[in-house]
Structure formats: C-alpha cells, structure tokens
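Colleague: I should like to learn how to read the packing in this structure. Might we take the features one at a time, with the general idea before the case?

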Amino acid sequence: MDFQIALILGQDGITNGAIYALLALALVLVFAVTRVIFIPQGEFVSYGALTLAMIDNGFFPATAWLLLGAGIAVAVLDGRVALQSGHRRRLGSIAALNIGYPLVMLAVLQSLPLTELALALQVLVTLLVVVPLGPMMYRIVYQPIAEAPVLVLLIVSVAAHVTMVGLGLLFFGAEGYRTPPFSDARFELGPLTVTGQTIWVVAASLVLIIALALFFGRTLYGKALRATAINRNGARLMGIPPALAGKLTFLLATLIGVLSGVMISPITTIYYDSGFLIGLKGFVAAIIGGLGSYPIAAFGALLVGLLESFSSFWASAYKEVLVFTLIIPVLLWRSLTSHHMEEEE
C-alpha cells in the first residue's frame with residue numbers, strides 16, 4: 001500500500017464514518033429516551049434511498065401506501081382512546097393528521113411529474129413520505145409496550161426489522177438502485193481526488209450533528225428529550241408526556257436514517273436489505289459509546305468507517321467480520337469496568 005492508496009481509503013473511511021456517526025447518534029438517542037434498541041434504523045436508510053430512486057425513475061413510491069396504511073392504524077388506535085376518555089372533539093384532528101395527510105401525499109405524488117422535478121424537490125418529497133413512518137411505528141409497535149423490559153422491546157424490534165425487510169422486497173423488488181449525485185464536481189488535492197458527493201456527505205453530516213446539538217441545548221422540546229433520557233420518571237412527574245417524547249425521538253431517528261440513505265445512494269448501490277448491515281455498523285459505533293455517550297459514539301463511527309475501508313483493501317472477503325469483531329473487546333472491557341445494575345421495575 002502506498003501513500004496515495006492510503007489517502008483514498010482514508011477518504012472512503014471518513015465518508016462512511018460520517019454516515020455511521022449519524023446512525024449511532026440516532027440509536028443512542030432512541031435508547032436513552034425509550035430504552036428501545038432500534039434495529040429498524042437501517043431499514044429507514046434503505047427506504048429513503050429506494051423511495052428517492054423510485055421517484056427519480058418515474059415510479060410511484062409504494063411507501064406512500066404504507067404511509068396511508070400506518071396512518072389508518074394510528075387513527076384507529078388514537079380514536080379508540082379518544083372515545084374511551086370522552087374526547088370526541090379530537091376525532092377530527094386525529095383523522096386529519098393520520099389519514100388526511102397520507103391522502104394529500106398520495107394525491108400530490110399522482111399529480112406531479114416526478115421525473116421532471118429537481119433533485120432537491122425529489123428529496124423533499126421523499127422526506128415527506130418516509131419520515132412520518134417513524135412516529136407512526138412508535139405509536140403502533142412500541143407505545144403499547146413502553147413499560148416492558150428491554151429484552152421484550154428488543155424482540156419486538158427484531159420483529160419490526162424482519163417485517164420492514166419483507167415489505168421492502170415487496171415495494172422495491174430485489175434489484176439495487178443508485179440515485180444521481182448531488183454534485184458532479186471533482187477537486188484535485190495533490191494525489192487525492194475528492195468528489196462533490198463526498199463533500200456533500202461529510203458537510204451534511206456535520207451540519208445535522210450541529211443542528212441536533214442546538215436542538216437539544218436551545219429548544220424546549222430538545223430539553224424535554226434530554227430530561228426524559230436522564231430520568232424518565234422524573235420527566236413524567238414534570239409534565240413531559242412519555243408518548244410525546246417517544247414520537248419525537250422516533251421522528252428524529254427516522255429523519256436521520258432517511259437523510260443518510262439519500263446521501264449515500266449516489267455512492268453505493270442500495271438494495272431492499274442493505275439497511276441492515278449499514279444499521280449494524282452504526283450499532284457497533286453506538287455500543288462503543290455505551291449506548292449513552294454521543295461523542296464516543298461519533299468517534300466509534302469514525303473508527304468503524306476507517307476499519308471497514310482499510311479492511312476492504314487488505315482482506316476484502318473478511319471486512320464485515322473484522323468490523324463486527326470490533327464489538328467483542330469493547331463489550332469485554334465494559335463488562336470488566338462496569339457494575340451490573342438491575343433494570344428499573
């Protein structure tokens with residue numbers, strides 16, 4: 001390996017690490033607030049990328065029908081609660097939010113010339129279709145068992161992942177897709193060629209991380225999520241609804257996943273099941289951070305990206321094995337340096 005190859009591999013590692021950092025932050029956030037190990041995080045990466053690919057190729061995205069189906073299920077659940085509690089006036093807003101919005105999106109998608117839209121508008125449409133699925137998933141799958149043990153929540157996450165993979169095969173087929181790059185620019189930095197898409201990925205990841213830091217540090221809802229992450233019972237006593245915290249957390253996690261898929265889809269071919277491996281690498285980074293430290297998780301993501309990149313050069317057949325083996329010494333070290341704590345009853 002010469003210096004130029006090392007630079008190229010380092011560039012790839014940093015680009016991948018930026019995406020893994022976002023996913024690791026989302027996983028840490030979800031676990032801190034809801035105690036859910038959000039395995040379907042990777043599926044939102046592939047759903048975002050493939051929905052954008054469908055729009056770019058002129059196909060109607062089937063995720064819009066999933067949005068409608070999930071909205072109807074949420075409307076039924078929330079409507080039943082409203083009737084039982086005597087809040088009949090809420091039925092109209094529940095129906096408008098959960099059924100009206102998906103119907104509007106279906107009408108918009110059927111009326112717009114999707115292939116003629118600018119790439120930025122196609123990305124916006126993708127976000128509007130896929131991101132609401134996150135809080136809907138929380139309402140349908142996790143909110144009814146929010147107080148269950150972590151092991152039960154993990155099993156449910158595995159079931160949700162398997163379901164989303166199957167739906168992905170049904171919606172998008174077995175073929176892989178790529179989307180047009182955000183920029184075709186190329187910059188020569190000595191022996192290294194940096195593409196505009198790489199700059200987009202790294203810059204967007206940094207902007208999103210900074211925006212999340214400002215959100216948690218400066219906004220009321222961000223502080224509410226921080227309070228819930230620190231002490232769920234204390235936050236509940238202070239008037240922060242656990243259901244609202246869960247939905248907002250899943251909204252942010254889904255937004256991060258969809259944006260990650262949109263950013264990497266011009267770089268690598270995305271299949272219906274590609275999100276699982278991508279999400280697992282973000283999970284490895286989150287484990288390095290102990291599912292509780294954002295800075296260490298971001299550092300772990302960069303380490304995972306660089307290890308994956310250099311492993312693909314030295315031992316491409318075993319690069320996935322080497323990446324996931326990284327979790328073993330981390331878990332061993334944490335088991336030796338931390339004390340066992342029983343889960344809250």
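Modeller: Let us begin with terms. Helices (H or I, at least four residues) and strands (E, at least two) are DSSP runs, numbered from the N terminus. Axes are lines fitted to C-alpha atoms, for helices over the stretch in contact, and angles run from 0 to 180 degrees between N-to-C directions. This is a predicted model, in which local features need pLDDT of at least 70 and side-chain atom pairs count only at pLDDT 80 or more, whereas totals for chains, interfaces and linings use all residues. Residues are numbered from 1 along each chain as its sequence is written, and side-chain values use heavy atoms, with hydrogens and water left out.

Colleague: At what angle do H1 and H13 pack?

Modeller: Two packed helices are described by the angle between their axes and the distance between the axes. Here helix H1 (residues 3–34) meets helix H13 (residues 294–314) at about 140°, and their axes lie 6 Å apart. The residues of this contact comprise 19 nonpolar, 7 polar and 2 charged. In that count, Ala, Val, Leu, Ile, Met, Phe, Trp, Tyr, Cys and Pro are nonpolar, Asp, Glu, Lys and Arg are charged, and the others, Gly among them, are polar.

Colleague: Which residues of the largest nonpolar core touch the most other members?

Modeller: In soluble globular proteins, nonpolar side chains tend to be buried together. A nonpolar core is a set of buried Ala, Val, Leu, Ile, Met, Phe, Trp, Tyr and Cys residues joined through side-chain atoms within 4.5 Å; buried means under 20% relative accessible area, exposed over 50%, and partly exposed in between (1.4 Å probe, protein chains only). The largest core has 85 residues, and Phe-38, Tyr-142 and Leu-225 touch the most other members. H1 gives this core its largest share, 12 residues. Contact means heavy atoms within 4.5 Å. Beyond four places in sequence, the contacts of Leu-225 include Val-33, Phe-215 and Leu-252.

Colleague: How many residues of H6 are buried?

Modeller: Helix H6 (133–142) is mostly covered, with 8 of its 10 residues buried. Among them are Arg-139 and Tyr-142.

Colleague: What span should H3 have at 1.5 Å a residue?

Modeller: The expected span of a helix is 1.5 Å times one less than its number of residues. For the 23 residues of H3 this gives 33 Å, and the end C-alpha atoms are 33 Å apart, which agrees. Just after H3, Gly-86 takes a positive phi of about 80°. Helix H7 (residues 150–172) also has 23 residues and reaches 32 Å between its first and last C-alpha, close to the 33 Å expected. Gly-173, which follows H7, has a positive phi near 80°.

Colleague: Which residue has a positive phi although it is not a glycine?

Modeller: Arg-35 does, at about 65°. Arg-35 sits in the loop between H1 and H2 and counts as buried, at 9% relative accessibility.

Colleague: Is Ile-278 buried or exposed?

Modeller: Ile-278, in helix H12 (residues 274–288), is buried because its relative accessible area is 14%. Leaving aside neighbours within four places in sequence, Ile-278 contacts Tyr-20, Leu-23, Val-45, Ile-264 and Ile-270. By contrast, Ile-267 lies in the loop between helix H11 (242–264) and H12 and counts as partly exposed, at 34% relative accessibility. Not counting residues up to four places away in sequence, Ile-267 touches Thr-15, Arg-178, Gln-197 and Val-201.
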